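Work through the following exercises with the structure open beside you, trying each task before you read its solution.

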Amino acid sequence: MKRLEQKPITYRILSIPVTILAIAAVYFLNIPNPMMILIIPVVLFSYLDGYISGSLSGCTAAAYSAYFFFIATSDKAATEKLTTILLAVFTIILLVGKLKSHDKRAASNLKQAHDELVTAKERAEELSRAKSDFLSTMSHEMRTPMNAIMGMTAIGRKAGDIEQKNLALDKIEDASAYLLGVINDVLDMAKIEADKLELVPIDFDFEKMMKNVLTITNFRTDIKKQQLSVKIDSNLPRFMVGDDQRLAQVITNLMDNAVKFTPEGGEIRLDASLLGETDGHCELRFEVTDSGIGISPEQQSNLFQAFGQAESGTSREYGGTGLGLVISKRIVELMGGGISVESELGKGARFIFTVKVRRGEKTELKTSEKSEIANRSFTGRRILLAEDMGINREIFIALLEDFGLVIDCAENGREALEMIKESPDKYDIVFMDVKMPEMDGLEATRRIRALPELQNTSLPIIATTANVFRSDIEECLASGMNDHIGKPYDIDVILDVLCKYLPAEANAPQ
């Protein structure tokens, strides 16, 4: 069909002599019903030529037929026969033309569907390869620190002196922190794909947040003997309202990449500035610049796509999950900003991102007061820890052993409920694991809140769980819990919770 459509002019030209030959055959051969043979060239060239051009060829054939008909025949009913046959011819032309047009549309749609299937197949194969590379990378990224943890544990056991044991413990701590970072990246990516990555805005100290980020970065640049320079705009407000942990995560990701892809002795620079402020809403701009290996245009096109870095092989050479920039992009977008990169291969890179926050209402006085509260004693205060995992109970107790707290433990929600039933006024605060056998933490909390003995009290119940999706936190709060802390345990977070829910006047020794 495609070959025939390439030469429509040829068929229109051929329609004239074929029509003439058909009429000559009628005249010289004395065919009884001469009009019917005229349909042959009309239909033939109408089909070959398509709808519009075919109609023109058909009309041409019909005109020639009529002309020769009047000249070559003495039939008295010529006009009636001609009219009848012309109506039949035009009807056939229209029907065949529509069929031809339908064939063209069907062929076009089929080709389009085929092209889309080919594109989708290629994309699926590309994504499959990228995910396979990513899983291979993730396996390496998880097994490497796990191997270090297991190996150093064995070395620590065999060590003959405390210094060697402490060295092994330090390396175990470093490997554990790295492994936790890998796991957090995977969890954040799962949140992004499930559209559950959300911000938790609080009033925070921008200067303190930046110091924490730079403390980590300074340690890494010192190891590689890199020069780090920082410029903070003096117009930036000291206190802001936003998700400081997510903002710190983005800055840390970019700084880590800069350190990773910059050779020893290279330069790294961080700039933070205030772009503008309207009615207390501030737009911040951050730039992270390095003198590293740079990024090619091809790599830049995949830089902020899931599994893009893993596919390029960069993570195999330099390490990392390849998810940091994808996560950072989503965080920045949630904070009302955007992220971009400027780079040439071999000439370093500059990452630029903006975010929007609100000016905070805190003062330095309030911060100092909070610091004083955090340093107070909790001697004599009693905690109930509901946790089914023995190792988690040991860790929790070890973290708080120097703060004078008395800690009782329950191994499931039912046991915690019975302990509170027996002594409703015994505990000052409850840390409740969510997932436990026999009775989970949510059900235990609901039943504790329903106890008649506690109707006039406000016993704080804090959820402790590895589930950190916003929906999980909301479910904890809906069950009657007051707050939520994630696992693994962070001593600073636990102390903040204790300061928040244990009244200052109740902290005297008992």
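**Exercise 1.** In which helix does L180 lie, and is L180 buried, partly exposed or exposed?

*Solution.* This is a predicted model, in which local features need pLDDT of at least 70 and side-chain atom pairs count only at pLDDT 80 or more, while totals for chains, interfaces and linings use all residues. Residues are numbered from 1 along each chain as its sequence is written, and side-chain values use heavy atoms, with hydrogens and water left out.

Begin with the position: L180 lies in helix α6, where a helix is a DSSP run of H or I with at least four residues, numbered from the N terminus. Next, take the relative accessible area, for which buried means under 20%, exposed over 50%, and partly exposed in between (1.4 Å probe, protein chains only). L180 has a value of 30%, so L180 is partly exposed.

**Exercise 2.** Describe how helix α8 is built and covered.

*Solution.* First, helix α8 runs over residues 244–260 and has 17 residues. Its span from the first C-alpha to the last is 24 Å, close to the 24 Å expected at 1.5 Å a residue (1.5 Å times one less than the number of residues). Then look at the cover: 14 of the 17 residues of α8 are buried. Finally, at the start of α8, a side-chain oxygen of D243 comes within 3.3 Å of the backbone nitrogen of Q245.

**Exercise 3.** What percentage of the residues in the protein is buried?

*Solution.* The protein has 510 residues, and buried residues make up 39% of them.

Technical notes. Helices (H or I, at least four residues) and strands (E, at least two) are DSSP runs, numbered from the N terminus. A polar contact is a pair of N or O atoms within 3.5 Å; within protein, one must be able to donate a hydrogen and the other to accept it, and residues adjacent in sequence count only if both atoms are side-chain atoms.
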